[in-house]
Amino acid sequence: MSAPGQSRRLRVVQVSFHADVERRDGESLLRAWPTLPAVADAAARADVDVSVVQRAHRQETIERCGVPCYFVDEPGRRPTRVVECVAALKPDVVHVQGLTFPRAVRSLSRAVSGVPLLVQDHGTVPPTGWRARAWRWAYRPLAGVAFTSREQATPWKRAKILRADLPVFEVLEGSTDFTPGDRAAARGATNMFGEPCLLWTGRLNANKDPLTMLAAVERAARTLPALRLWCCFGEAPLVDAVKHRIARSAALAERVILLGARPHEEMELRFRAADFYLQTSHREGSGFSLLEALACGATPLVTDIPAARRIVGDAGSLTPIGDSRSLGDAIVAWAGRDQRMLRRAARARFDNVLTFDVIGRQLRGAYETLAGMGGTERHARERLAVESR
């Protein structure tokens, strides 16, 4: 209970309508989706009263760091029980994870009428045609939307799916607990080497554009013959094209190592071992690997897209999409800089603007803004009652 003369903490429910196809229990989901409890905990540390409601295949309540997580068994297609659970918690603000559940959001808006709804993007592409019109109707009641970069809201507003006057908040989807560690020890543990040592992570698909990355590395190798590129990847529809590109280039065949899928717990050592992290994505909602690279002190050399601009700042290079020449030149230019200073700058960027604590403060600011703009009469009455004691 709040002390006399103090307003009580905002009561916020973070809700996810995403159904786990593997039908895991609550404990398993918290391990598989660590960002789910970590973001909630970050908001709680920022002095927000947070609860999590997650669609699930088993009814459970689990507490993590003082945050109750309600896993709601939802057998039907419509998230009726999830909506009922959220409404029963009597929130001041509801924070929905993901822009891909328009029907559920519309149902939720009716169930918690008068309570501000904030929906956070997780890399969704705006729909077109009749779906755009349906989503526009569903998202009309929103009080706010969150993107990694405010610029990412532009195509949604241009398509009129989101209202032109809808407040946009810049909030990261998540962060990481990776740390810099010792580069030499990490190289010994991973057998990675190179001057410079380059790391690529991500799918081998058209959006990630690995062929542009390989062309850039081939160009840089003319000036930096001792460089090595280490590639970690999962889904790989372009793997044959990548292997063919490497095979027909003596420079790449000698310098590119395809590692394939690696366990996540191993990646901290690989980021620590790398001098530079390469990413040539055409589009990203956020960039967890990019965050992990900065956390470990690896300098990012990435494409100039809104999410990357927001995350990297001046701690790395931003080059045009599909421009292998610019990226190759950036590899050479940044390899000539003081590597110790670059590692410190990467971690400083992470500490200053990309940690979970920063996310928690950003969320609290968004919640307070929305509660102030459209807070419920109930919240106002309770606040006045507390302050009058």
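Asp47 and Arg9 join their side chains in a salt bridge, with 3.9 Å from N to O. Asp47 sits in the loop between α2 (35-45) and β2 (49-56), while Arg9 belongs to the segment before β1 (11-16), so the pair ties together parts that are 38 residues apart in sequence. Side chains of opposite charge can pair when their charged atoms come close. The whole structure holds 26 salt bridges. The model is a predicted one.

**The eight-stranded sheet.** Eight strands make up an open sheet with mixed pairing. Their order is β3-β4-β2-β1-β5-β6-β7-β8. β3 (60-64) and β8 (168-170) are the edge strands, each pairing on one side only. On average, neighbouring strands of this sheet are turned by 25° against each other, direction ignored.

Strands β1 and β2 pair in the parallel sense, over six bridges. Ser16 has Gln54, in β2, as its bridge partner. Helix α2 packs on the sheet and touches β1, β2 and β4 (67-73). The direction of α2 makes about 165° with that of β2. Helix α3 lies across β1, β2, β4 and β5 (93-97). Its run is at about 150° to β4.

**The six-stranded sheet.** A further open sheet has six strands, in the order β11-β10-β9-β12-β13-β14. Here the pairing is parallel. The edges are β11 (256-260) and β14 (317-319), and each pairs on one side only. Neighbouring strands of this sheet are turned by 20° against each other on average, direction ignored.

Strand β10 (residues 228-232) pairs with β11 in the parallel sense over four bridges. Trp230 stands opposite Ile257, which is in β11. Helix α12 (residues 288-296) lies across β9 (197-201), β12 (276-279) and β13 (299-303). It runs at about 170° to β12.

| α2 | β2 | about 165° |

What is the volume of the second largest pocket? It is about 640 Å³. The lining has 23 residues, and those closest to the pocket centre are Arg78, Pro79, Pro102, Arg103 and Ala104.

Which helices each supply at least two residues of the lining? They are α3 (80-88), α4 (102-111) and α5 (129-138). The largest share comes from α4, with seven residues. By residue type, the lining divides into 12 nonpolar, three polar and eight charged.

## Arg349 and its contacts

Arg349 lies in helix α15 (residues 339-353). Its C-alpha atom is separated by 7.5 Å from that of Val312. Along the chain, Arg349 and Val312 are 37 residues apart. Which residues does Arg349 contact, leaving aside its neighbours within four places in sequence? They are Arg309, Arg310, Ile311, Val312, Gly313, Ala315 and Leu354.

Conventions. Residues numbered from 1 in each chain as written. Predicted model: local features only at pLDDT ≥ 70, side-chain atom pairs only at ≥ 80, totals over all residues. Heavy atoms only, no water. Pairing = 2+ DSSP bridges. Axes fitted to C-alpha atoms, helices over the stretch in contact; angles between N-to-C directions. Contact = heavy atoms within 4.5 Å. 1 Å grid on protein atoms, 1.4 Å probe; cavity = no way out; pocket = protein on both sides within 12 Å on 5 of 7 lines; lining within 4 Å. Points joined across faces, edges and corners; volume = space filled by probe spheres on them. Nonpolar A, V, L, I, M, F, W, Y, C, P; charged D, E, K, R; others polar. Salt bridge = Lys/Arg side-chain N within 4 Å of Asp/Glu carboxyl O.
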